[in-house]
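Please take a moment with the sequence and the 3D view below. We will then walk through the model together, from the whole chain down to single residues.

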Amino acid sequence: MAFAADARASEEAPADEGDAGAAPGAEPAPATRAPGDGAALAVRPPELTGAVEAAYPQAAREAGLEGSVVLRLTIDAEGRVTGAEVAEPAGHGFDEAAQQAALRFRFTPARRGDRSVASRILYRHDFRLPAPTPAAAPVAGAAGAVPITGVAGAAPATGPVRAAPVAGAAGPALPAIEVSVRGASEAERLRTSAQAVQVIETVEARRQAADLGQVLARAEGVSVRRLGGLGSDARFSLNGLTDDRIRFFLDGVPLDLAGHSFGVANVPVNLVERAEIYRGVVPLRFGTDALGGAVNLVTDQDTRGAGASASYQVGSFGTYRLTLSARHAHAPSGLFARASGFVDRARNDTPIDVMAFDERGRLSPARGRRFHDGYVAAGGAAEVGVARRPWADRLLLRAFFTSHDKEVQHGLLVDMLDGRVKSPPFGEVAFGRQTGGALLRYAQPFSGRARLDALAGYSYARTTFLDVATCTYDWSGGCVERPYRGEVGDDANDQQVRQHTAFARVNLAWHPATEHVLRFGLSPSHVTRTGRNLVVAEPEKDPLTAERELWSGVAGVEYEARPLEGRLANITFAKLYLQSVRTREHLPSGRIGDVDRASHRVGAGDSLRFRFTDALYAKASYEFATRLPTPEELFGDGGLIVRNVHLEPEASHNVNLGVTLERAETGAGQLRLSASGFGRFTEDLITLRRHLGYSEYGNTLSARSVGIESTAGWTSPGNWLSVDGHVTWQDFRDGSTGVRIQNQPYLFGGVAARARWPEIAARRDALSLTWHADYVHAFFVGPEGRGAADSKAEIPSQLVHTLALTYLVERGGWTVSSTVEVQNLTDEKAFSFYGVQRPGRAAYAKLALSL
C-alpha cells in the first residue's frame with residue numbers, strides 16, 4: 001500500500017459573505033488565499049504523525065487483485081481524522097479497509113497563522129501484491145508506504161518503504177493530489193461577516209434533552225415564553241419584538257411552508273445543524289419582509305458520502321421524542337438522496353396550583369394537574385437530487401408532510417385568585433394542523449462571475465379547531481352537563497380551514513471585481529384560503545366559506561464590498577414590498593361583499609463590519625424595515641383568532657451597534673466577549689387584541705424598544721472546563737405615551753458551565769457535566785402607569801436550573817451519546833404568562849447516534 005499527497009497546498013476560499021447564490025453546504029473552490037479576513041496569514045497543511053497499516057482484503061488477495069483508493073479525509077483542529085470519504089473507489093473490499101485504517105491516523109493539525117484549523121485532504125491508498133522477487137517488494141500482502149511529498153516534516157507511514165517516487169513502482173505518475181485547508185466554517189464566516197447575525201451550533205444541544213425553544217432562549221436578546229410543555233404555543237421575542245415580526249426559515253424556506261407550521265420551538269432540535277439569528281436587518285437572499293429580524297434553521301446539507309443519525313428521548317409528563325435521518329450520495333453520477341422524520345408525544349400532565357371547589361362547594365387552594373394538554377406530532381421529508389454537475393451545481397426536489405394535534409387546557413386569558421388559577425379548564429377543546437408540499441431548487445454558477453439560486457414550491461395546510469363540548473369541567477376532570485355547546489366562548493365551533501400557498505424565489509449574484517458582489521432578488525407568493533364551520537347550518541352565513549386571496553412580493557438589490565484586504569466589509573441594500581388582499585366578508589349592511597385592498601412599501605439599509613485584529617471586530621447596521629400582515633393576521637387561524645383584513649403593514653427603523661472579541665487565545669485559556677446595543681422604532685405595530693372567547697389582530701400607533709446585551713465566555717486550556725454567560729436589558733414602550741408595554745420581560749439572562757473529562761473508559765470517549773441557569777426578572781402584567789405598584793398583577797422573578805450528564809463515545813465513523821438531564825432542578829414555580837404555570841422538575845434520558 002502506498003499513499004501520496006502532492007505539494008499543492010492551498011487555503012479554501014470561504015463563500016462570499018451573505019452570497020445569495022451560494023447553495024447551502026456547497027464547498028467553495030480552492031484559491032491561493034481566502035479573500036477578506038486573515039488572507040495574509042500563512043497556511044500550513046496538516047502533517048502525518050502516525051499511520052496505521054490497512055489490512056489487505058483476503059478475498060482480493062486470493063483472487064490476485066490490486067487496487068488504489070483515494071480518500072477525502074476530514075481532520076479536525078486537534079489533528080484527529082473525523083471522516084474518511086471514498087472519493088475514488090476500488091471495490092473488492094479495498095475501500096472499507098482503507099477507510100478503517102485512515103480513521104486511526106493522527107496528524108498535527110493544519111494551521112493558519114498561529115491558529116489550528118480544520119482541514120480536508122485527498123489521500124491515496126495503493127494495495128499491491130508482492131513482486132516475483134523478494135528484493136523488489138515487501139512481504140506478501142504487506143503494505144509498502146511512500147512518504148508524503150511536499151508537506152514539510154511529514155513522517156512516513158510505518159512498515160517497509162518502497163524505494164520509488166510518489167507515483168509508485170507500477171504505472172504512470174499519480175496526478176497531483178490537492179491538500180485544501182479550509183478557511184472559516186460557515187458558522188464562523190457568518191459571525192464575522194457584516195451581517196447582524198448570531199449563530200448557534202447545535203452539536204451539544206442534539207445530545208441533550210432541551211427542545212429548540214429552550215436552546216434559542218439561551219442566546220442573548222432572545223426570549224421564548226411558553227404556555228405549557230412540549231407542543232404548546234410559544235412566543236418568540238428578539239430584542240423586544242415578538243411573534244410574526246420575526247420570520248422563521250428552514251434552509252432558507254419559510255418555516256410554515258417547509259413542513260413545520262406549529263412554531264419554531266417545536267421543531268426537533270436533532271434535525272437542525274445550526275440556527276442563524278438575524279437581528280433587525282434581514283439579508284436580501286431570504287426574500288422576506290420582517291420587522292425585527294429572522295431565524296434560519298439549517299439542516300444537514302452534505303451531498304457527499306453516506307451518513308445516518310437517530311435519537312430517542314423519554315421523560316417526565318409522558319414525553320417521548322424520536323428523530324431519524326439518513327443520506328447517501330453516488331459520487332460518479334452526483335446523485336444524492338436524503339430523508340428525515342420525527343415523532344413527538346407528550347401528555348403534559350404537569351402539576352399546577354389551582355382554586356377548586358371543596359366538599360362544601362367553596363373555592364379553596366388545591367394542587368391539580370393538567371389533564372387535557374396532550375400533544376402528538378409526526379412528520380417526514382425526503383430529498384433527491386444531483387450536485388456538482390456541469391449543468392447544475394445543485395438540483396434537488398424535496399417533499400414533506402407533517403401533522404400536529406394539540407389539546408387545549410385553557411383559554412388565552414386565565415383568571416387568578418391568590419396566585420392560583422381560578423378559571424375552569426377546558427376538557428374537550430382541540431386544535432390540529434396537517435401540512436404537506438414540495439419544492440424544487442436549482443443553483444448554478446455562470447461564466448465564473450455570476451451565480452443563480454432559484455426555488456419554487458407549493459404547500460397545503462389544513463387546520464382544524466373543535467369546541468363542541470356540553471360539559472363544564474373542573475380541575476379533577478369532572479364534567480357538569482349544561483344545555484349549550486362550547487367551552488371557549490358563547491358559540492360552538494367545528495372549524496376546518498384549508499390554505500394553498502405557491503411561492504418562488506430567484507436570487508442572482510454577480511461579481512464585477514474581486515471583493516465586490518452585486519445581488520438581485522425576487523420573491524413572490526400567492527395564498528388562497530377557505531373553510532367551513534360545520535356547526536353553522538347555512539353555509540352562506542358562515543364567514544369561513546369566503547374565498548380569500550393574498551398576493552405578496554419582495555424585490556431588492558444588494559451591493560457588498562470588502563476593501564482593505566477584507567478588514568472592512570459593507571453591505572448596502574434596498575427593497576420593495578407589495579401586497580394585495582382579495583376576499584369576501586360580511587359588510588356592515590349584513591350582506592357579503594367583495595373586499596380588495598393593495599399596499600406597497602419601500603425599505604433600505606446598510607451593514608458594516610470592521611476588523612481590528614484577527615479576533616476583534618465591530619459591527620454597525622441599520623434597516624428601514626417593513627412587515628406585511630400574514631394570512632393568519634388577516635384571515636384568522638381558524639380557531640381562537642378571528643379575521644381582520646384591514647390591517648396596515650408595520651414599519652420600523654432598526655439600529656444595531658456592537659463589538660466582539662471572538663476566541664482570543666491567552667495563556668489562561670480562550671476568551672470570548674461581546675457587547676452591543678439596539679434600537680427598534682416601530683409604527684403601525686400589529687398586536688393581538690384579546691377579548692372574551694376570541695382574539696383579533698389590530699394596528700396600534702407606535703412603539704420603541706431600546707436595549708443592551710452582552711456575553712462573556714472562557715474555555716480552559718485543554719477544553720476541560722468552559723463557562724458562558726449572557727444578559728439582556730430592554731425597554732419596550734408605547735411611542736405616544738412613553739408607558740412601558742405591558743406583559744413583557746425587560747431583564748433576563750443566563751449562565752452555562754460545562755466540565756469535560758476525556759478518555760474516561762477508552763480512547764476518544766468523554767464524560768461531560770453541563771449546568772444551565774436561566775433568570776427572568778419580575779415584570780408587571782398590566783399597564784405600568786395605572787394603579788399602585790403593590791396592587792398590580794406581577795410575574796415574579798424566577799431562576800431555573802438544568803443539569804445534564806452526557807457520556808460520548810466516538811469510534812471510527814460513528815458517534816453515540818447518552819444523556820440524563822433534570823430540568824427545573826429546584827422545582828421552581830415558573831411562569832411565562834400570568835396564571836400559566838410552566839412545568840416543574842422533570843427528568844429525561846436521551847440516546848443519540850450518528851454514523
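What follows is a guided tour, starting with how the model was made.

This is a predicted model, where local features need pLDDT of at least 70, side-chain atom pairs count only at pLDDT 80 or more, and totals for chains, interfaces and linings use all residues. Residues are numbered from 1 along each chain as its sequence is written, and side-chain values use heavy atoms, with hydrogens and water left out.

Let us begin with confidence. The score to know is pLDDT, the predictor's confidence in each residue, on a scale from 0 to 100. The protein chain has an average pLDDT of 83, and 84% of its residues score at least 70. Residues 1-41, by contrast, have a pLDDT below 50, although this stretch has 144 contacts in the model beyond near neighbours in sequence. A contact here means heavy atoms within 4.5 Å. Residues 132-183 also stay under 50, and the model gives them 117 contacts beyond four places in sequence.

Now for the chain as a whole. Five helices and 52 strands are found in the protein chain. Both are DSSP runs numbered from the N terminus: helices are H or I with at least four residues, and strands are E with at least two. Of the contacts with a separation of 6 or more, 67% link residues 24 or more positions apart. Buried residues make up 52% of the 851 residues; buried means under 20% relative accessible area, exposed means over 50%, and partly exposed lies in between, using a 1.4 Å probe and protein chains only. The chain exposes about 35600 Å², with carbon and sulfur atoms supplying 59% of it. Such areas come from the Shrake-Rupley method with a 1.4 Å probe, and for residues only the protein chains shown count as cover.

Next, look at how strands come together. Two strands pair if DSSP finds at least two bridges between them.

Which strands does E52 join? Strand E52 (residues 842-850) is linked by seven bridges to strand E19 (residues 306-315), in the antiparallel sense. Nine bridges join E52 to strand E49 (residues 814-823), again antiparallel. To find these pairings in the view, look for Tyr312 opposite Leu847 and Val820 opposite Ala845.

On the surface, a nonpolar patch with about 690 Å² of accessible area together includes Val723, Trp757, Leu769 and Leu825. Patches are made of residues with over 30% relative accessible area and no salt bridge, joining like charges within 9 Å and nonpolar side chains (Val, Leu, Ile, Met, Phe, Trp, Tyr) within 5 Å. A salt bridge is a side-chain nitrogen of Lys or Arg within 4 Å of a carboxyl oxygen of Asp or Glu. Strands E44 (747-758), E45 (765-776) and E48 (798-811) each supply at least two residues of the patch. Leu769 sits in E45 and is partly exposed, at 33% relative accessible area.

Finally, consider two backbone angles. Most residues other than glycine have a negative phi. Arg388, in strand E24 (residues 375-389), has a positive phi near 60 degrees. Arg663, in strand E38 (residues 650-666), has a positive phi near 50 degrees.
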